[in-house]
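Hi everyone, thanks for coming.

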Amino acid sequence: TYNRVIERGVVICGTKDEFPGFSEEIWSMEDGSKWTGFDVDICRAVAAAVFGDADAVEYEIVNGITRFTYLIDGTIDMLSAATTYTFTRNVLKKLEFLPTTYYDGQGFITKKTLGVSSAKQMHGAKICFKGSGTSAKNIADFMQLHEIKYTPVVVGEKENTKDVYLRGDCDMYGTDRSGLASNRLGFKNPELHIILPEIISKEPLGPVVKYGDQRWSDIVRWTVYVLFLAEEMEIDSNNI
(Lines give C-alpha, C1' and ligand atoms only; values in the text may rest on other atoms or scores of the structure.)
Protein backbone atom coordinates (compact mmCIF):
# COMPACT_ATOMS: atom_id res chain seq x y z
CA THR A 1 0.00 0.00 0.00
CA TYR A 2 2.81 2.40 0.90
CA ASN A 3 4.48 1.91 -2.49
CA ARG A 4 1.16 2.45 -4.26
CA VAL A 5 0.53 5.65 -2.30
CA ILE A 6 3.99 7.03 -3.03
CA GLU A 7 3.68 6.28 -6.75
CA ARG A 8 0.23 7.88 -6.89
CA GLY A 9 1.21 10.96 -4.89
CA VAL A 10 -1.90 11.08 -2.70
CA VAL A 11 -3.57 9.04 0.03
CA ILE A 12 -7.06 7.83 -0.89
CA CYS A 13 -9.16 7.87 2.26
CA GLY A 14 -12.62 6.33 2.57
CA THR A 15 -15.04 8.43 4.60
CA LYS A 16 -18.73 9.28 4.87
CA ASP A 17 -20.40 12.34 3.41
CA GLU A 18 -23.06 14.49 5.06
CA PHE A 19 -21.80 13.56 8.55
CA PRO A 20 -21.37 16.97 10.25
CA GLY A 21 -18.56 17.10 12.79
CA PHE A 22 -16.91 14.01 11.36
CA SER A 23 -16.87 14.22 7.57
CA GLU A 24 -18.67 16.42 5.09
CA GLU A 25 -17.92 18.16 1.83
CA ILE A 26 -18.60 21.90 2.00
CA TRP A 27 -18.84 24.14 -1.05
CA SER A 28 -18.09 27.85 -1.06
CA MET A 29 -17.53 30.44 -3.76
CA GLU A 30 -14.12 31.31 -2.32
CA ASP A 31 -12.63 27.86 -1.69
CA GLY A 32 -14.71 25.59 -3.90
CA SER A 33 -15.02 22.05 -2.51
CA LYS A 34 -13.48 21.42 0.90
CA TRP A 35 -13.74 18.38 3.16
CA THR A 36 -13.91 18.98 6.90
CA GLY A 37 -14.46 17.05 10.14
CA PHE A 38 -12.84 14.86 12.78
CA ASP A 39 -12.46 11.75 10.58
CA VAL A 40 -11.23 13.91 7.69
CA ASP A 41 -8.50 15.32 9.94
CA ILE A 42 -7.17 11.80 10.54
CA CYS A 43 -6.86 11.36 6.76
CA ARG A 44 -5.08 14.70 6.50
CA ALA A 45 -2.68 13.75 9.28
CA VAL A 46 -1.63 10.57 7.45
CA ALA A 47 -1.08 12.57 4.24
CA ALA A 48 1.08 15.00 6.21
CA ALA A 49 3.05 12.10 7.69
CA VAL A 50 3.73 10.54 4.28
CA PHE A 51 4.13 13.60 2.04
CA GLY A 52 4.57 16.55 4.40
CA ASP A 53 1.38 17.90 2.86
CA ALA A 54 -1.98 17.55 4.60
CA ASP A 55 -3.76 18.29 1.32
CA ALA A 56 -2.21 15.28 -0.48
CA VAL A 57 -5.36 13.26 0.07
CA GLU A 58 -8.41 12.31 -1.99
CA TYR A 59 -11.71 11.27 -0.44
CA GLU A 60 -13.79 8.31 -1.54
CA ILE A 61 -17.34 8.29 -0.18
CA VAL A 62 -18.22 4.99 1.51
CA ASN A 63 -21.27 3.47 3.18
CA GLY A 64 -21.93 0.47 5.44
CA ILE A 65 -21.22 -2.03 2.65
CA THR A 66 -18.58 -0.39 0.46
CA ARG A 67 -16.30 0.75 3.29
CA PHE A 68 -14.83 -2.74 3.76
CA THR A 69 -14.91 -3.96 0.16
CA TYR A 70 -13.11 -0.80 -0.99
CA LEU A 71 -10.43 -1.36 1.63
CA ILE A 72 -9.91 -5.01 0.70
CA ASP A 73 -9.84 -4.44 -3.08
CA GLY A 74 -7.50 -1.43 -2.85
CA THR A 75 -9.97 1.26 -3.94
CA ILE A 76 -9.01 3.12 -0.75
CA ASP A 77 -5.77 3.06 1.24
CA MET A 78 -7.38 3.66 4.62
CA LEU A 79 -10.81 4.02 6.16
CA SER A 80 -11.71 6.86 8.52
CA ALA A 81 -15.48 6.74 8.81
CA ALA A 82 -16.69 6.29 12.40
CA THR A 83 -16.11 2.53 12.18
CA THR A 84 -16.49 0.30 15.24
CA TYR A 85 -13.65 -2.05 16.20
CA THR A 86 -15.16 -5.55 16.57
CA PHE A 87 -13.81 -9.09 16.86
CA THR A 88 -15.56 -10.24 13.69
CA ARG A 89 -14.22 -7.40 11.55
CA ASN A 90 -10.70 -7.80 12.90
CA VAL A 91 -10.32 -11.59 12.99
CA LEU A 92 -12.79 -12.93 10.42
CA LYS A 93 -12.86 -10.10 7.87
CA LYS A 94 -9.10 -9.53 8.21
CA LEU A 95 -9.23 -5.79 8.83
CA GLU A 96 -6.67 -4.03 11.00
CA PHE A 97 -8.01 -1.43 13.39
CA LEU A 98 -5.65 1.30 14.49
CA PRO A 99 -5.79 3.25 17.79
CA THR A 100 -9.26 4.28 18.86
CA THR A 101 -9.74 7.97 18.16
CA TYR A 102 -13.31 8.34 19.45
CA TYR A 103 -14.91 6.29 22.22
CA ASP A 104 -18.63 6.15 21.62
CA GLY A 105 -21.69 4.12 22.55
CA GLN A 106 -24.94 3.35 20.81
CA GLY A 107 -28.05 5.26 21.76
CA PHE A 108 -31.52 6.12 20.49
CA ILE A 109 -33.25 9.18 19.08
CA THR A 110 -37.00 9.76 18.99
CA LYS A 111 -39.54 12.54 18.62
CA LYS A 112 -40.26 14.69 21.66
CA THR A 113 -43.98 14.50 20.89
CA LEU A 114 -43.99 10.89 22.11
CA GLY A 115 -43.33 12.21 25.63
CA VAL A 116 -40.78 9.56 26.62
CA SER A 117 -37.53 10.10 28.52
CA SER A 118 -36.07 6.60 28.30
CA ALA A 119 -35.72 3.83 25.73
CA LYS A 120 -37.24 1.52 28.32
CA GLN A 121 -40.57 3.29 27.78
CA MET A 122 -40.67 2.36 24.08
CA HIS A 123 -42.86 -0.75 24.35
CA GLY A 124 -44.42 -1.55 20.99
CA ALA A 125 -42.26 0.99 19.15
CA LYS A 126 -41.11 0.60 15.56
CA ILE A 127 -37.32 0.85 15.55
CA CYS A 128 -35.22 1.45 12.42
CA PHE A 129 -31.72 0.09 11.92
CA LYS A 130 -29.32 -0.86 9.16
CA GLY A 131 -28.88 -4.58 8.69
CA SER A 132 -25.15 -4.34 7.92
CA GLY A 133 -23.84 -2.61 11.04
CA THR A 134 -23.54 -3.38 14.75
CA SER A 135 -26.79 -1.55 15.60
CA ALA A 136 -29.23 -4.41 14.99
CA LYS A 137 -27.61 -6.86 17.42
CA ASN A 138 -27.17 -4.17 20.09
CA ILE A 139 -30.83 -3.19 19.86
CA ALA A 140 -32.01 -6.80 20.01
CA ASP A 141 -29.83 -7.50 23.07
CA PHE A 142 -31.04 -4.37 24.89
CA MET A 143 -34.70 -5.04 24.21
CA GLN A 144 -34.41 -8.69 25.24
CA LEU A 145 -32.60 -7.75 28.46
CA HIS A 146 -35.37 -5.33 29.46
CA GLU A 147 -38.20 -7.49 28.08
CA ILE A 148 -39.37 -4.78 25.69
CA LYS A 149 -41.46 -5.84 22.70
CA TYR A 150 -40.73 -3.81 19.57
CA THR A 151 -41.17 -3.96 15.80
CA PRO A 152 -37.87 -4.02 13.90
CA VAL A 153 -37.73 -1.99 10.67
CA VAL A 154 -34.74 -3.01 8.56
CA VAL A 155 -33.47 -0.16 6.38
CA GLY A 156 -32.29 -1.03 2.89
CA GLU A 157 -28.70 -0.45 1.82
CA LYS A 158 -29.69 2.34 -0.57
CA GLU A 159 -31.52 4.32 2.12
CA ASN A 160 -30.38 6.34 5.10
CA THR A 161 -31.85 5.32 8.45
CA LYS A 162 -32.47 8.95 9.40
CA ASP A 163 -34.56 9.48 6.25
CA VAL A 164 -36.75 6.47 7.03
CA TYR A 165 -37.23 7.83 10.55
CA LEU A 166 -38.00 11.38 9.39
CA ARG A 167 -40.72 10.27 6.98
CA GLY A 168 -42.45 8.49 9.86
CA ASP A 169 -41.84 4.83 9.03
CA CYS A 170 -40.47 4.21 12.53
CA ASP A 171 -40.73 5.78 15.98
CA MET A 172 -37.01 5.81 16.76
CA TYR A 173 -33.68 4.60 15.52
CA GLY A 174 -30.42 3.64 17.12
CA THR A 175 -26.78 4.20 16.21
CA ASP A 176 -23.65 5.70 17.79
CA ARG A 177 -24.60 8.71 19.90
CA SER A 178 -22.12 10.91 18.04
CA GLY A 179 -23.91 9.89 14.84
CA LEU A 180 -27.27 10.76 16.36
CA ALA A 181 -26.02 14.20 17.35
CA SER A 182 -24.57 14.71 13.88
CA ASN A 183 -27.80 13.57 12.21
CA ARG A 184 -29.94 15.83 14.39
CA LEU A 185 -27.89 18.87 13.33
CA GLY A 186 -29.14 18.31 9.80
CA PHE A 187 -32.81 17.90 10.70
CA LYS A 188 -35.18 20.68 9.64
CA ASN A 189 -36.39 21.08 13.24
CA PRO A 190 -33.70 19.52 15.46
CA GLU A 191 -35.36 20.80 18.64
CA LEU A 192 -38.28 18.42 18.04
CA HIS A 193 -36.07 15.35 18.51
CA ILE A 194 -34.50 13.95 21.67
CA ILE A 195 -31.49 11.66 22.15
CA LEU A 196 -32.43 9.30 24.95
CA PRO A 197 -29.99 8.79 27.88
CA GLU A 198 -29.30 5.06 27.51
CA ILE A 199 -25.89 3.99 26.19
CA ILE A 200 -26.37 0.34 25.20
CA SER A 201 -22.97 -0.64 23.82
CA LYS A 202 -19.26 0.14 23.61
CA GLU A 203 -18.34 1.59 20.21
CA PRO A 204 -14.58 2.24 19.90
CA LEU A 205 -14.20 4.12 16.60
CA GLY A 206 -11.03 4.65 14.63
CA PRO A 207 -9.18 4.31 11.33
CA VAL A 208 -8.88 0.94 9.59
CA VAL A 209 -6.39 -0.50 7.07
CA LYS A 210 -6.04 -3.75 5.20
CA TYR A 211 -4.86 -6.65 7.38
CA GLY A 212 -1.27 -7.86 7.05
CA ASP A 213 0.30 -4.77 5.46
CA GLN A 214 2.75 -4.03 8.25
CA ARG A 215 4.56 -1.03 6.82
CA TRP A 216 1.38 0.87 6.03
CA SER A 217 -0.35 -0.01 9.30
CA ASP A 218 2.72 1.22 11.23
CA ILE A 219 2.53 4.57 9.44
CA VAL A 220 -1.16 5.10 10.16
CA ARG A 221 -0.88 3.77 13.73
CA TRP A 222 1.98 6.06 14.68
CA THR A 223 0.40 9.04 12.96
CA VAL A 224 -2.50 8.67 15.39
CA TYR A 225 -0.19 8.17 18.39
CA VAL A 226 1.79 11.29 17.47
CA LEU A 227 -1.48 13.26 17.48
CA PHE A 228 -2.14 11.97 21.02
CA LEU A 229 1.37 12.89 22.15
CA ALA A 230 1.20 16.34 20.58
CA GLU A 231 -2.05 17.08 22.39
CA GLU A 232 -0.60 15.88 25.71
CA MET A 233 2.44 18.12 25.19
CA GLU A 234 0.27 21.06 24.02
CA ILE A 235 2.01 21.19 20.65
CA ASP A 236 0.03 22.73 17.80
CA SER A 237 0.69 24.26 14.38
CA ASN A 238 1.59 27.63 15.92
CA ASN A 239 4.20 26.54 18.47
CA ILE A 240 5.75 23.45 16.86
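Start with the contact itself: from H2, Ile42, Ala45, Val46, Ala49 and Val50 meet Trp216, Ile219, Val220, Thr223, Val224 and Leu227 of H8, where contact means heavy atoms within 4.5 Å. By class, that makes 10 nonpolar residues, 1 polar and no charged; Ala, Val, Leu, Ile, Met, Phe, Trp, Tyr, Cys and Pro count as nonpolar, Asp, Glu, Lys and Arg as charged, and the others, Gly among them, as polar.

A quick word on what you're looking at: this is a predicted model, where local features need pLDDT of at least 70 and side-chain atom pairs pLDDT 80 or more, while totals for chains, interfaces and linings use all residues. Residues are numbered from 1 along each chain as its sequence is written, and side-chain values use heavy atoms, leaving out hydrogens and water.

Now, at what angle do H2 and H8 pack? H2 spans residues 38–51 and H8 residues 214–232, and they pack at about 110°, with axes 9 Å apart. So H2 is roughly perpendicular to H8, a label for angles of 65 to 115 degrees.

Next, the second largest pocket, with about 410 Å³ of space. Which residues lie nearest its centre? Among its 16 lining residues, they are Ala45, Val226, Leu227, Ala230 and Ile240. H2 and H8 are the elements that give two or more residues to this lining. The lining divides into 11 nonpolar, 2 polar and 3 charged residues.

Methods: Axes fitted to C-alpha atoms, helices over the stretch in contact; angles between N-to-C directions. Helix = DSSP H or I, 4+ residues; strand = E, 2+ residues; numbered from the N terminus. Parallel < 35°, antiparallel > 145°, perpendicular 65-115°, else oblique. 1 Å grid on protein atoms, 1.4 Å probe; cavity = no way out; pocket = protein on both sides within 12 Å on 5 of 7 lines; lining within 4 Å. Points joined across faces, edges and corners; volume = space filled by probe spheres on them.
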